[in-house]
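Biologist: Could you show me the model and walk me through a few of its strands?

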Amino acid sequence: MARAIPADASECARLLAEAARDRHTVRISGSGTKSYVGDVGPTDIELGTSQLAGVIDHVPADLTVTVGAGTRVAELAAALTRAGQFLPLDPPHGEDATVGGVIAANSNGFWRARYGAVRDLLIGTQTALADGTVARAGGRVVKNVAGYDLDKLLVGSFGTLGVITEATLKVLPVPPESGGLVARFSRSANAFAVADAVVRGASRAEACVIEWGEGPTWRLAVQARGTGPTVKRAIEDARHEVAARRGDAGELGDDLARMRELPARAIDGALVRVALPVAAAAAFAETAARLETFAALVADVASGIARAHFVGDDDAVIRDAEALLLAARVVGGAGRIERRADRLRSRLSTWPTRPNGDFLMRRIKEAFDPAGILEPGRSAFA
């Protein structure tokens, strides 16, 4: 596989045009943290974005920042902290993930319900296309007047429509106070009842996550940030709900960071990611826990995103993973095999069933990449 690292958007677009002309397939690589997603086969060219990095424009008064797509999220966070601001995204692989990769993979963390998803925070992009052109969408201010919202189309496209070279995002002032708790329950019903009360309560938590790992304990992590009185009320309300359902509450340590990184740890077996109606989360978790090879679950109760990890006999792992995806569809959700061991790749596809919108998305793919060179197999539509 040949490797290319363009210095700017124009060079990136030229490389794509040459690849399209020669029918050479292209894999796009930032830091490679999500290379396990999809059913990608051998590729002719790996196009790196490491030179498309750095803060291009930061206007603190406008609460916006423009960066190269190859900028690591951790580096951007450090730069914003010096200005008393932060990017309200907490994706998995937070130390290494790049901004372009987070957008292309629609990689959201536990702050989604409070601050919005990637698509809500993205207000402008520059993208190199397969025909050799560089397209701009949106702008560098929060309020844009535009026609077709290309930015939203690029979110979750996994590089199958073009190479994001630059992005403008909303930022926020760093909250002055922070607090949290972690509670333990012997029954999942109690953990989810507390989480539901926290999510629906008047005092808004920043994150509300349930984990099942080793042992028979369900753990609930709650975090709140904001002004002192706001944080105090949120945590006191959460403690009251925990006590009412006989939970054991303690101080929040690095629990949320560990829960967030389940995709990084789940290198064996299979990791299933689903998006569920919020009301179905508790029943779904119980279904997962009863499966033979079930090893861990992390559910973002506020957004309905849950991940379940299965480890054990290969045949049993495949059976359980596919059964859980079916269970998600039954309750009105959707999902995919987010990660699986290399030995399972040929037996367990990322999308065992075709997702909704297949025909429409394939038409869009053909319009942007008629030669089909960009990330073949990376998404359900490429």
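Biologist: Thanks! Which residues does Leu297 touch, not counting residues up to four places away in sequence?

Modeller: A word on the basis: this is a predicted model, where local features need pLDDT of at least 70, side-chain atom pairs count only at pLDDT 80 or more, and totals for chains, interfaces and linings use all residues. Residues are numbered from 1 along each chain as its sequence is written, and side-chain values use heavy atoms, leaving out hydrogens and water. Contact means heavy atoms within 4.5 Å. On that basis, Leu297 touches Ile210, Glu211, Trp212, Trp218, Ala285, Ala288, Arg307 and Ala308.

Biologist: Is Leu297 buried or exposed?

Modeller: Leu297 is found in strand 16, residues 294-300; strands (E, at least two residues) and helices (H or I, at least four) are DSSP runs numbered from the N terminus. Buried means under 20% relative accessible area, exposed over 50%, and partly exposed in between, with a 1.4 Å probe and protein chains only. Leu297 has a relative accessible area of 0%, so Leu297 is buried.

Biologist: And what is the relative accessible area of Arg336?

Modeller: Arg336 sits in strand 18, residues 334-340. Its contacts include Phe158, Leu271 and Trp351. Arg336 too counts as buried, and its relative accessible area is 14%.
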